[in-house]
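Here are my notes for you to read with the model open on your screen. Go through them slowly, and find each residue as you come to it.

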Amino acid sequence: MTNAAAEVVTTSLIDALKSSSPARVMNIPWESPTTVKLDLSIKNPLVTGTNYTDNADVTRLVNTLLARAGATYGIGGYNEKRGWYARGEQFSHADEVRSIHLGIDIWTPAGLPVFTPYDAVVHSAQDNALFGDYGPTIILAHTIQGERFYSLYGHLSRESLAGMTPGVHLSRGAQIGTIGAPPINGDWPPHLHFQLITDMLGKFGDYPGVAAESQRDRFLALCPDPNLVLRF
């Protein structure tokens, strides 16, 4: 798909999403002070001082940011430039490490349930088990007002993959899994990576959640803002 074609698809999809009525992906209080937006960009000095290869240090970072805000849950990260993806070889793209985050992260305790916001068909599910990867991942296909798109759920529990066979139909609001714990979830602090996708580019069970900065415009066109669905 060309960049121009991706932009056309994204524009029409955005219109459909704006007029839709999604179920909540997670039952956490968006409007409460217990949920805050987290800055995990390279502009945050707390982030740049973190040892990205050490999950304990990354966990301390997230917990520190939440504690400073007096919050239980953290959310954010779409189109955020981050430095910690050098922790995994899968994020290397020739001489350029991928750094532009294409989804929204919801930082929560492990074990909380995750739901599909729309009627869906399971596209694929697999355990992306490399260090720093998604861990257990589910990708759903949706059609709204004639617009087909996909939603990706990364860092789930391994139990979430049970029964997620391609072609299985799910109703709006159905539980699809639970938040995973490290090291099963790719060895990250517990959170959900939620991403919208207009074109799977032939991929199955996996999709880039982070883009090289040189590919930012292309991938943001392919992956519109997940807050069109989350609405926090």
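The points below start with the whole chain and then go residue by residue.

1. First, some ground rules. This is a predicted model, in which local features need pLDDT of at least 70 and side-chain atom pairs count only at pLDDT 80 or more, while totals for chains, interfaces and linings use all residues. Residues are numbered from 1 along each chain as its sequence is written, and side-chain values use heavy atoms, with hydrogens and water left out.

2. Now the overall picture. You'll find five helices and 14 strands in the chain; helices (H or I, at least four residues) and strands (E, at least two) are DSSP runs, numbered from the N terminus. The radius of gyration is 17 Å, close to the 17 Å that the globule rule gives for 232 residues, so the chain is as compact as a globular protein of that length. That radius is taken over C-alpha atoms, and the globule rule is 2.2 Å times the number of residues to the power 0.38. Along the principal axes, the C-alpha atoms fill a box of roughly 45 × 35 × 30 Å.

3. What about inside and outside? Of the 232 residues, 53% are buried. Here buried means under 20% relative accessible area, exposed means over 50%, and partly exposed is in between (1.4 Å probe, protein chains only). The accessible surface of the chain comes to about 9,800 Å², and 52% of it belongs to carbon and sulfur atoms; such areas come from the Shrake-Rupley method with a 1.4 Å probe, and for residues only the protein chains shown count as cover.

4. Contacts next, meaning heavy atoms within 4.5 Å. Take the contacts between residues at least 6 apart in sequence: 73% of them join residues at least 24 apart.

5. In what order do the strands of the eight-stranded open sheet run? Trace β1-β2-β6-β13-β10-β9-β8-β11, with mixed pairing. The edge strands are β1 (35-37) and β11, each pairing on one side only. Strands of a sheet pair through backbone hydrogen bonds, either parallel or antiparallel. Two strands count as paired if DSSP finds at least two bridges between them. β10 and β13 (residues 191-197) pair in the antiparallel sense over five bridges, and Ser 151 has Leu 196 in β13 as its bridge partner.

6. Stay with the loop between β10 and β11, where His 155 lies. His 155 has a positive phi of about 75° although it is not a glycine, and it counts as buried because its relative accessibility is 5%. Leu 156 is in the loop between β10 and β11 too, and at 0% relative accessibility Leu 156 counts as buried. Leaving aside neighbours within four places in sequence, its contacts include Val 114, Tyr 134, Ile 179 and Leu 192. Pro 113 is 43 residues away from Leu 156 along the chain, with 9.5 Å between their C-alpha atoms.

7. Thr 165 sits in the loop between β10 (147-154) and β11 (169-170). Is it buried, exposed or partly exposed? Thr 165 counts as partly exposed, because its relative accessibility is 45%. Val 122 is 43 residues from Thr 165 in sequence, but their C-alpha atoms are 6.5 Å apart in space.

8. Look at Asn 128 in strand β8 (residues 120-128). With 7% relative accessibility, Asn 128 counts as buried. Its side chain makes polar contacts with the side chains of Gln 126 (2.6 Å) and Thr 137 (2.9 Å). A polar contact is a pair of N or O atoms within 3.5 Å; within protein, one must be able to donate a hydrogen and the other to accept it, and residues adjacent in sequence count only if both atoms are side-chain atoms. Not counting residues up to four places away in sequence, Asn 128 also touches Tyr 134, Gly 205 and Asp 206, among others.

9. Another asparagine to check is Asn 44, in the loop between β1 and α2 (45-48). Asn 44 is buried, with a relative accessible area of 11%. A polar atom of its side chain lies 2.9 Å from the backbone oxygen of Asp 39.

10. Two backbone details to finish. The peptide bond from Pro 182 to Pro 183 is cis, with omega near 0°, and Pro 183 lies in the loop between β12 (175-178) and β13. Arg 231, in the segment after α5 (227-230), has a positive phi of about 60° although it is not a glycine.
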